[in-house]
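Work through the following exercises with the model open. Each task is followed by a stepwise solution.

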Amino acid sequence: MAELPKVDKIWMDGELVDWDKAQVHVLTHALHYGSGVFEGIRCYATVDGPAVFRLTEHMERFERSAKMLFMDLGYTVEEMVEAVKETIRVNNLPSCYIRPLAFRGYGIMGLDPIPAPVQVIIAAWPWETYMGEEALREGVDVGVSSWRQRGINSLPPAIKATGNYLNSALARIEANQHGYNEAILLNEQGMVTEGTGENLFVVRDGLISTPPVSDGLLEGITRDSIMQIALNLGYDVVEESLVRTDLYTADEMFMTGSAAEVVPVRSVDHRVIGPAGPVTMDLQETFFKAVKGELPEYAEWLERV
Ligand code: PPE
């Protein structure tokens with residue numbers, strides 16, 4: 001993964017502070033207990049200047065994640081939308097990845113986080129592709145993890161919480177050590193859920209399927225965008241539970257996420273699926289045109305900076 005590119009300012013608790021000064025105390029609650037929620041958003045260069053993809057929906061999900069953990073963000077969705085735009089403008093970024101984070105700050109220790117203050121930051125930096133240009137064309141090799149997805153009643157996958165990503169990290173480390181680009185997590189019942197930072201789709205006999213949120217996964221905004229694009233292109237799309245062998249027998253498979261975008265899967269556990277199939281490429285091409293403002297029917301997804 002590429003090194004973090006540094007820009008000028010980070011929005012921190014309502015102020016634009018220098019990148020190097022956006023710091024916290026070592027006794028910050030979230031460092032000890034994973035008590036944070038975050039978002040990952042992309043801003044694309046369009047003919048009308050930078051535009052953030054489905055920004056309001058991302059900030060609404062941010063607010064929902066916070067609510068589930070009793071975190072009062074202290075800013076409305078509208079205020080945070082404006083703060084994201086301000087952060088992009090002040091750093092002069094034509095396109096970027098945006099990382100809003102809310103976390104329990106310094107002041108108390110112990111497992112009840114409620115008395116700890118909540119801090120909110122918004123950072124943005126240039127992040128071209130997550131898995132590389134080649135991955136977008138040729139696809140990635142993935143493996144089903146020996147680690148399981150967290151249950152919906154333990155660390156709910158529907159909450160985009162920082163602590164949840166320890167599970168993703170275990171799976172990603174294992175996948176990389178096994179020579180895969182990404183892991184697929186099954187839940188404790190054996191149903192397919194998602195990747196460590198992406199949702200997942202399979203295509204078989206022309207039908208596009210993706211697991212339902214109730215199987216334990218993040219309700220991805222890219223996932224939703226792809227489902228809408230697929231329907232508009234005339235494909236049949238269903239949310240249905242998938243098992244491991246559904247991956248092996250797929251005609252096509254791809255993963256979606258704000259960072260990853262739309263990435264074809266070339267193989268699963270060494271069973272070859274790819275090269276990227278026609279449905280995947282059709283969806284990917286339409287997605288990239290939509291985010292760059294080339295398709296008027298998706299203009300409402302773009303929020304100008
Ligand atoms: N599942 C998980 C577990 C997940 O982290 C993401 C986003 C998704 C699905 C897709 O959601 P959406 O971005 O709304 O389509 N992962 C974020 C963080 C990735 C990272 O490596 O960091 C992201 O894509 O920004």
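This is a predicted model: local features need pLDDT of at least 70, side-chain atom pairs count only at pLDDT 80 or more; totals for chains, interfaces and linings use all residues.

**Exercise 1.** Find which side chain has an N or O atom 2.7 Å from a nitrogen atom of the ligand.

Solution. Step 1: search for polar contacts, that is, pairs of N or O atoms within 3.5 Å. Step 2: the side chain of Glu-194 supplies the atom at 2.7 Å from the ligand nitrogen. Step 3: turn to the ligand's oxygen atoms; an N or O atom in the side chain of Ser-258 is 2.6 Å from one, and a polar side-chain atom of Arg-99 lies 3.1 Å from one.

Residues are numbered from 1 along each chain as its sequence is written, and side-chain values use heavy atoms, with hydrogens and water left out.

**Exercise 2.** Determine how the residues of the shell around the ligand divide into nonpolar, polar and charged.

Solution. Step 1: take residues with a heavy atom within 4 Å of the ligand; there are 21, and Tyr-97, Tyr-130, Tyr-165, Thr-222 and Ser-258 come nearest. Step 2: count Ala, Val, Leu, Ile, Met, Phe, Trp, Tyr, Cys and Pro as nonpolar, Asp, Glu, Lys and Arg as charged, and the others, Gly among them, as polar. Step 3: the shell then holds 6 nonpolar, 10 polar and 5 charged residues.

**Exercise 3.** Locate the cis peptide bond.

Solution. Step 1: most peptide bonds are trans. Step 2: an omega of about 10 degrees marks the cis bond joining Gly-274 and Pro-275.

Methods: A polar contact is a pair of N or O atoms within 3.5 Å; within protein, one must be able to donate a hydrogen and the other to accept it, and residues adjacent in sequence count only if both atoms are side-chain atoms.
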